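Work through the exercises below with the model open. Try each task before you read its solution.

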Amino acid sequence: MTTKNPLLILLLALGVFGIITTEMGIVGVLPQITQKFHVSTAEAGFLVSIFALVVAISGPFLTLLASGINRKVILLTAVLLFAISNLAYAYTTYFEIMLAFRILPALFHPVFFSVALVTAARLVPPEKSGQAVTQVFAGITVGFAFGVPLTSYLAETISLEAAFLFSAAVSLIAFVGILAWLPSMPVSEKMTYGKQLGILRNPRLWLQIASVVFIFAAMFSVYSYFAEYLGQVTQMSGSWISFMLMAFGVIMIAGNFLFGGMLQKSLTKTVAAYPLLYGAVYLIVYLAGPSFLWMTVVVFLWGIVHSGGLVVSQAWLMKEAKEAPEFGNSLFVSFSNLGITLGSYVGGWFISEWGVHQLIWSGVLFAGFAFLTIAAGIKGIGISGQADKQNAL
């Protein structure tokens with residue numbers, strides 16, 4: 001089924017934007033949350049980690065279960081739950097309720113992503129499917145570039161409630177648009193559960209999965225406390241933090257293209273170099289942290305390298321998941337969120353034990369683990385490739 005209505009692709013991208021803003025917008029408003037609910041920074045960090053943990057645990061299973069359900073129904077249910085959850089964030093006065101409403105939308109997060117990508121590809125002619133999928137994926141980067149900093153800005157200049165109402169409005173607009181313009185999309189052909197699960201028998205895939213976990217842990221052990229780091233170590237005001245979040249997100253767009261080009265030239269070399277590069281950037285962030293001037297420059301470098309983790313880890317995992325790409329993408333979403341959970345938890349622990357400035361070392365630690373698993377994966381692929389050649393002979 002194809003359509004000439006480009007608005008549908010934009011609505012799917014808007015849904016992705018709303019989901020990313022809901023998931024990661026918390027990062028920019030942690031200081032306000034700690035004040036409103038009278039909790040510590042580490043406790044507030046659970047709002048990031050609990051969301052990611054639920055996605056990590058439920059993602060592949062719910063994606064499999066939802067593979068036979070009308071795609072329009074899934075998309076509508078997901079964006080509606082995100083809107084309702086943001087309304088709960090805005091008006092609750094209990095931290096426990098906010099935690100509960102982080103769990104509910106997280107259940108539909110990976111399902112929405114996988115279904116939105118498949119839907120985008122089906123809405124256009126086959127030769128344009130890649131472009132449509134790329135446009136939907138753009139919602140992720142735009143969410144980081146504008147959704148997260150705008151959430152922080154609204155919380156700083158108006159109120160925390162206004163920040164969450166913005167996220168709710170985005171999801172409601174996507175809901176109305178999908179309801180009005182997306183045709184019913186029942187599933188006609190369904191890949192068996194056994195065939196999809198069969199890729200898990202590949203031991204090399206598990207090395208790739210471990211690499212994804214550690215890459216995202218390296219990324220989000222520090223980024224989850226971005227506002228706290230700039231506020232306490234660099235002594236930036238709330239307005240400056242909002243600006244830095246936006247600068248970080250905008251430069252991520254350029255970083256996506258940069259690392260995408262590098263992957264096209266050499267997947268293996270780019271993946272192997274990535275954790276080393278991120279570790280070096282973290283050392284620079286640590287040294288520049290107390291300097292207001294230097295951090296305004298370093299944030300741009302940090303943003304470029306941070307964005308690379310998304311495309312690098314996804315390309316590395318999908319190298320061994322080509323036989324079941326939809327299930328493979330659900331594994332990527334799931335285990336990347338497991339990495340976010342692990343990273344944000346360990347980052348919070350570093351803060352509680354040694355202070356916000358020493359948070360950087362948690363990122364360096366995970367970057368080291370990522371490099372080791374990637375190196376093991378490259379060696380495994382090399383051995384496997386030699387064995388395949390010998391068998392062919």
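## Exercise 1: An aromatic pair

Phe 226 is buried, at a relative accessible area of 0%. Buried means under 20% relative accessible area, exposed over 50%, and partly exposed in between (1.4 Å probe, protein chains only). This is a predicted model, in which local features need pLDDT of at least 70 and side-chain atom pairs count only at pLDDT 80 or more, while totals for chains, interfaces and linings use all residues. Residues are numbered from 1 along each chain as its sequence is written, and side-chain values use heavy atoms, with hydrogens and water left out.

**Task.** Describe the aromatic pair that Phe 226 and Trp 302 form.

**Solution.** 
- Step 1: Get the criteria. Rings of Phe, Tyr and Trp (its six-membered ring) pair if their centres lie within 6.5 Å; planes under 30 degrees apart count as stacked, over 60 as edge-to-face and the rest as tilted.
- Step 2: Count the pairs. The whole structure has 26 aromatic pairs.
- Step 3: Classify this one. Phe 226 and Trp 302 lie 5.2 Å apart, centre to centre, with 40 degrees between the planes, so the pair is tilted.
- Step 4: Place the residues. Phe 226 sits in helix α11 (residues 226–232) and Trp 302 in helix α14 (residues 292–318); the pair links distant parts of the chain, 76 residues apart. Helices here are DSSP runs (H or I, at least four residues), and strands are E runs of at least two, numbered from the N terminus.
- Step 5: Check burial of the partner. Trp 302 is buried too, at 1% relative accessible area.

**Task.** Which residues do ring pairs link into a cluster with Phe 226?

**Solution.** The cluster holds Phe 216, Phe 220, Tyr 223, Phe 226, Phe 248, Phe 259, Tyr 274, Tyr 278, Tyr 282, Trp 302 and Phe 332.

## Exercise 2: A second pair

**Task.** Is the pair of Trp 349 and Trp 354 stacked or edge-to-face?

**Solution.** 
- Step 1: Read the geometry. The centres of Trp 349 and Trp 354 are 5.0 Å apart, and the planes make 90 degrees.
- Step 2: Classify. The pair is edge-to-face.
- Step 3: Trp 349 is partly exposed at 39% relative accessibility. Trp 354 is partly exposed at 49%.

## Exercise 3: Helix length and bends

**Solution.** 
- Step 1: Set the rule. The expected span is 1.5 Å times one less than the number of residues.
- Step 2: Find the bend. A bend is the angle between axes fitted to the seven residues ending at a residue and the seven starting there.

**Task.** Where is the kink in α4?

**Solution.** 
- Step 1: Check the length. Helix α4 (residues 46–65) has 20 residues and reaches 28 Å between its first and last C-alpha, close to the 28 Å expected.
- Step 2: Locate the kink. The kink of about 50 degrees is at Ser 58, shortly before the proline Pro 60.
- Step 3: Look around Ser 58. Ser 58 is buried, at 10% relative accessible area. Leu 107 is 49 residues away from Ser 58 in sequence but 6.4 Å away in space, C-alpha to C-alpha.

## Exercise 4: Positive phi

**Task.** Where do His 38 and Gln 235 lie?

**Solution.** 
- Step 1: Take His 38. Its phi is positive, about 55 degrees, although His 38 is not a glycine. His 38 lies in the loop between α2 (30–37) and α3 (41–44) and is exposed at 72% relative accessibility.
- Step 2: Take Gln 235. Its phi is about 60 degrees, again positive in a residue that is not a glycine. Gln 235 is in the loop between α11 and α12 and is exposed at 57%.

## Exercise 5: The cavity

**Task.** Which residues line the largest cavity?

**Solution.** 
- Step 1: Define the cavity. On a 1 Å grid over the protein atoms alone, a cavity is a set of points where a 1.4 Å probe fits but cannot get out; lining residues have an atom within 4 Å of a point.
- Step 2: List the lining. The residues are Thr 21, Thr 22, Gly 25, Ile 26, Asn 86, Tyr 89, Thr 151, Phe 164 and Ser 167.
- Step 3: Assign elements. α1 (7–28), α5 (71–91) and α8 (160–181) each give two or more residues to this lining. The largest share, 4 residues, comes from α1.

Definitions and conventions: 1 Å grid on protein atoms, 1.4 Å probe; cavity = no way out; pocket = protein on both sides within 12 Å on 5 of 7 lines; lining within 4 Å.
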